[in-house]
Amino acid sequence: MRYENLPGYPIVREGLRDLAEGRRSAAALLVLIGAPRLRRIGIDVPPGDVDFPEHHLYAILAAKNSDSAHSRYNALIRELVSFERAAECAAWSTASGWVV
């Protein structure tokens, strides 16, 4: 399945790449947060050795700008969820024979 045109794909792609290369970036932590659902969709998420990626992501965002950390965190989570929902719909419509 192709995901390039789905909302949120750029940050998910970046996170997958960072995880594969062993980087603990905000994008990589975001992908680890969504890993269970992304794996159910069929996306190969590299393992990450991070407990509580949500806390680590927030810490990274707060270190950059503590005033906007909360809103930026929520925006990233919304972007992840948007991608997950779109990917699930695309997978469902492909499996059912619909053209996406």
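Mentor: We may. The structure holds three aromatic pairs; rings of Phe, Tyr and Trp (for Trp, its six-membered ring) are paired if their centres lie within 6.5 Å, and planes under 30 degrees apart count as stacked, over 60 as edge-to-face and the rest as tilted. One of them joins Tyr9 and Phe83, a tilted pair with 6.3 Å centre to centre and 40° between the planes. Please keep in mind that this is a predicted model, in which local features need pLDDT of at least 70 and side-chain atom pairs count only at pLDDT 80 or more, while totals for chains, interfaces and linings use all residues. Residues are numbered from 1 along each chain as its sequence is written, and side-chain values use heavy atoms, with hydrogens and water left out.

Trainee: Which parts does the pair of Tyr9 and Phe83 tie together?

Mentor: Helices (H or I, at least four residues) and strands (E, at least two) are DSSP runs, numbered from the N terminus. Tyr9 lies in helix 1 and Phe83 in helix 4, so the pair links parts that are 74 residues apart in sequence. Ring pairs also link Tyr3, Tyr9 and Phe83 into a cluster.

Trainee: Is Tyr9 buried or exposed?

Mentor: Buried means under 20% relative accessible area, exposed over 50%, and partly exposed in between, with a 1.4 Å probe and protein chains only. Tyr9 counts as buried because its relative accessibility is 16%. Phe83 is buried as well, with a relative accessible area of 1%.

Trainee: How should I read a nonpolar core, and which residues touch the most other members here?

Mentor: In soluble globular proteins, nonpolar side chains tend to be buried together. A nonpolar core is a set of buried Ala, Val, Leu, Ile, Met, Phe, Trp, Tyr and Cys residues joined through side-chain atoms within 4.5 Å. The largest one here has 29 residues, of which Tyr3, Leu38, Ile43, Val45, Leu57 and Phe83 touch the most other members. Helix 1 (9-20), helix 2 (26-41), helix 3 (53-64) and helix 4 (69-95) each supply at least two residues of this core. Helix 2 gives the largest share, 11 residues.

Trainee: What does Val45 touch?

Mentor: Contact means heavy atoms within 4.5 Å. Not counting residues up to four places away in sequence, Val45 touches Leu16, Leu19, Val31, Ala35, Leu38 and Arg39.

Trainee: How does one describe the packing of two helices?

Mentor: One gives an angle and a distance between axes. Axes are lines fitted to C-alpha atoms, for helices over the stretch in contact, and angles run from 0 to 180 degrees between N-to-C directions. Angles under 35 degrees count as roughly parallel, over 145 as roughly antiparallel, 65 to 115 as roughly perpendicular and the rest as oblique. Helix 2 and helix 3 pack at about 155°, with their axes 9 Å apart. That angle makes helix 2 roughly antiparallel to helix 3. On the helix 2 side, Ala26, Leu29, Leu30, Leu32 and Ile33 meet Pro53, Glu54, His56, Leu57 and Ile60 in helix 3.

Trainee: At what angle do helix 1 and helix 2 pack?

Mentor: Their angle is about 100°, with the axes 7 Å apart. Helix 1 and helix 2 are therefore roughly perpendicular to each other. Among the residues making this contact are Ile11, Leu16 and Leu19 of helix 1 and Ala27, Val31 and Leu32 of helix 2.

Trainee: What may be read from the loops?

Mentor: Ser25 counts as buried because its relative accessibility is 17%. Leaving aside neighbours within four places in sequence, Ser25 is in contact with Asp18 and Ile60. Arg24 lies in the loop between helix 1 and helix 2 and is partly exposed, with a relative accessible area of 46%. Not counting residues up to four places away, Arg24 touches Leu29, Asp49, Val50, His56 and Ile60.

Trainee: Where is Phe52 found?

Mentor: Phe52 is in the loop between helix 2 and helix 3. It has a positive phi of about 55° although it is not a glycine. At 56% relative accessibility, Phe52 counts as exposed. Pro47 is found in the loop between helix 2 and helix 3 and is exposed, with a relative accessible area of 74%.
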